[in-house]
Amino acid sequence: MAALSAERRRPSLSGWSGRSIIGVLLVVFVLFFAVPIVWLLLAVTKSSKTLVVADPFSLGSWSDFVANWHQLFDFQDGAVTTWIGNSALYAIGALVITLLVSIPAGYALALTEFRLRQALLVLTLVVMLIPNTALVLPIFLELNGVGLIGSPLSVILPMSFFPFGVYLTYIYFSTSIPRDILAAARIDGCNGFQVFTRVALPLAAPIVALVAFFSFVQNWNNFFLPFVMLPSSDGYPIQVGLTSLLASTPAFNPSSAGSDSVQLPTLALGTIVSILPVLVVFLFSQRFLVAGMTAGGTKE
Amino acid sequence: MTLAPPSGRPAVDASGRRRSGRGSGRPAGRAFARSPIGYLFVSPYALLAVVFGIVPSLYAVVLAFTNADGGFAGFDNFTKVVGDFRFWPAVFHVTTYLLIWLLGLVLFVVGLALVVHAVGVRWVSTTLRFVYYLPGALAGASSVLLWLFVLDPTASPVSGLLTAMGFESFVQVIQPGHLPAIFAIIAFWTGAGGWILIMYGALNNISTEVIEAARIDGANAVQIALRIQLPMLRKWVAYMGVMSLAAGTQLFVEPQLLSQASNAVVPNDYSLNQLAYQYAFQQNDFNGAAAISLILLVVALLLSWVFVTRGGLFEKE
């Protein structure tokens, strides 16, 4: 690949063949990562017949897209709309609690002294490394014991516990905020709470955004927790709702051919709809994430 | 799963972690406040940590060692689940999947990160990273659904490839023997991009002086990659390995959806987490479910512990 700057690095693979190998490798992986997504975007513009017959990468028609759209949103009297609403409620509800809880906690861990501080820090690090799914069944058993199963809180509250967000905030406050500024604010007459709200919080805007981003993406994509906690379809978020769509797709579940059955392009549309909010957030924050990462990289 | 989408999570971590050594000690500074506000600020978080971290773990322990009537059961629940005819196949499935996935992950993520990092043209490198990262937006059920299409020869965008490999129908593609590889591919497709970004960030952290010195000494790009960049990535590779290993033990959504889509060609007790789910919701045996959950939790905790103590992730500098 011509992209390899031979002048600068003098790679031993500088020969024509070496570069070709690398170029082919990069292109193969581009195809591997991109082809399914491109195909998915095209699939929703086709009827179930053209999806099978036509070239996989041909563009379908607008009318087929509209038909798929109607089939998706008419499914079980608008269940998809309900599921998206639920997803928004759970993801945003948990996001708000996460921010209210994590940001002050990270601040306190970084900049104040209290008993059990070290213990809480270690607990945060350990829980951060435990996969989310590992605690789902125990949390189910616990919430089952107090009769919360089926309520939106059974999903929102566990998702609000977000040690990774506390860790990020903690790191930020312990490395990026000069303590002198906080001390100065104190001398100027701020009490402890005002130091946080008027000085530290405005400075921490980027990290608040970052915690919000990770929390939202993770909440929206969470499958196992709502799958276990919410027994009724009315309470499903869209990720779990997809399983209902799948169950009604004759192509994957021949026993389901009935009045309310779902065709493949409609299922594809459901998949796109289910990721749309996350996709939008991703597109907006990609530059900022990478920039944040590399900016940190050049500092030291 | 791969929930904890490594997709992006630690991406920022990349910048944060290097500095964590400095921050993690007891901060020393004159403005270090010893005020009651500390308690006020951490107590909501501490409460959540107790309710959704500590209590469920303890509750699982209690359930795992008691029987349905609440009496002490010793290790009965454990002998029961381990003796279950579905247990060892599930262990085998998850292990095979993990081996394939981890091997692929380490090999390709490190390789691609090195190559993308070496690409000199800025927009090419940016575009590559973006394309590799994009599938991370599709996590959980969405990515599995997408791969159901890809693996179904009638509709697949790569149907030509599938037929060339001798697959005529969806059921042929998802034969049990193929599943570990299939799950590994799905997990790689969703998660690898995030890790490539992290490795890329780590490569940027290697000071240019070191690289420059090596170049003056006559090292070529491949030698620099193997002798300097690779050893300096070691900690990150270990981090990726353990996070992915811990997450992979919890395999659930992939086999669950595949089982649903294949009319049970894929069994619904394929993975350990599914088996625990079966215990809880099909057999109403919460004690058995707790025993399996506890085994999985201990495995996850052990792996994190090994990493925290041996990997030096959080060690002070």
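In this predicted model, six helices of chain A each supply at least two residues to the lining of the largest cavity: helix 6, helix 7 (136-145), helix 8 (153-160), helix 9 (163-176), helix 12 (205-221) and helix 13 (224-229). That cavity has a volume of about 350 Å³. Chain B holds 14 helices and zero strands, and a salt-bridge network there links B:D84, B:R86 and B:D269.

**Cavities**
- A search of the whole structure finds seven cavities of 30 Å³ or more.
- The largest cavity is lined by 25 residues. Nearest its centre lie A:N132, A:P158, A:F161, A:P163 and A:Q218.
- Helix 12 of chain A gives the most to this lining, with three residues.
- By class, the lining of the largest cavity divides into 17 nonpolar, seven polar and one charged.

**Second largest pocket**
- The second largest pocket has a volume of about 690 Å³. It is lined by 26 residues, and the closest to its centre are A:F32, B:W147, B:L151, B:L161 and B:I185.
- The largest share of the lining, six residues, comes from helix 2 of chain A.
- The lining of the second largest pocket has 24 nonpolar, two polar and no charged residues.

**Chain B fold and burial**
- Along the sequence, chain B reads α-α-α-α-α-α-α-α-α-α-α-α-α-α.
- Of its 317 residues, 61% count as buried.

**Salt bridges**
- The count over all chains comes to four salt bridges.
- B:R86 meets B:D84 in a salt bridge at 2.9 Å, N to O. Both B:R86 and B:D84 are buried.
- B:R86 also forms a salt bridge with B:D269, with the closest N and O atoms 4.0 Å apart. B:R86 lies in the loop between helix 3 (76-83) and helix 4 of chain B, and B:D269 in the loop between helix 12 (253-261) and helix 13 (272-281), so the pair ties together parts that are 183 residues apart in sequence.
- B:D269 is buried, as is B:R86.
- B:R215 and B:E212 pair at 3.4 Å, N to O. Both lie in helix 10 (residues 208-216) of chain B, three residues apart, about one turn of the helix.

**Positive phi**
- Most residues other than glycine have a negative phi.
- A:D77 has a phi near 55°, a positive value in a residue other than glycine. A:D77 sits in the loop between helix 4 (62-74) and helix 5 (79-111) of chain A. Its relative accessible area is 77%, so A:D77 is exposed.
- A:L116 has a positive phi of about 70°, although it is not a glycine. A:L116 lies in the loop between helix 5 and helix 6 (117-129) of chain A. A:L116 counts as exposed at 63% relative accessibility.

**Surface patch**
- B:V50, B:I54, B:V55, B:L58, B:Y59 and B:V62 make a nonpolar surface patch of about 460 Å².
- B:V62 is placed in helix 2 (residues 37-64) of chain B. With a relative accessible area of 48%, B:V62 is partly exposed.

Conventions:
Residues numbered from 1 in each chain as written. Chains lettered and ligands numbered in written order. Predicted model: local features only at pLDDT ≥ 70, side-chain atom pairs only at ≥ 80, totals over all residues. Heavy atoms only, no water. Patch = residues over 30% accessible without salt bridge, like charges linked within 9 Å, V, L, I, M, F, W, Y side chains within 5 Å. Areas by Shrake-Rupley, 256 points an atom, 1.4 Å probe, with all protein chains shown as cover. Salt bridge = Lys/Arg side-chain N within 4 Å of Asp/Glu carboxyl O. Helix = DSSP H or I, 4+ residues; strand = E, 2+ residues; numbered from the N terminus. Buried < 20%, exposed > 50% of the residue type's maximum accessible area, 1.4 Å probe, protein only. 1 Å grid on protein atoms, 1.4 Å probe; cavity = no way out; pocket = protein on both sides within 12 Å on 5 of 7 lines; lining within 4 Å. Points joined across faces, edges and corners; volume = space filled by probe spheres on them. Nonpolar A, V, L, I, M, F, W, Y, C, P; charged D, E, K, R; others polar.
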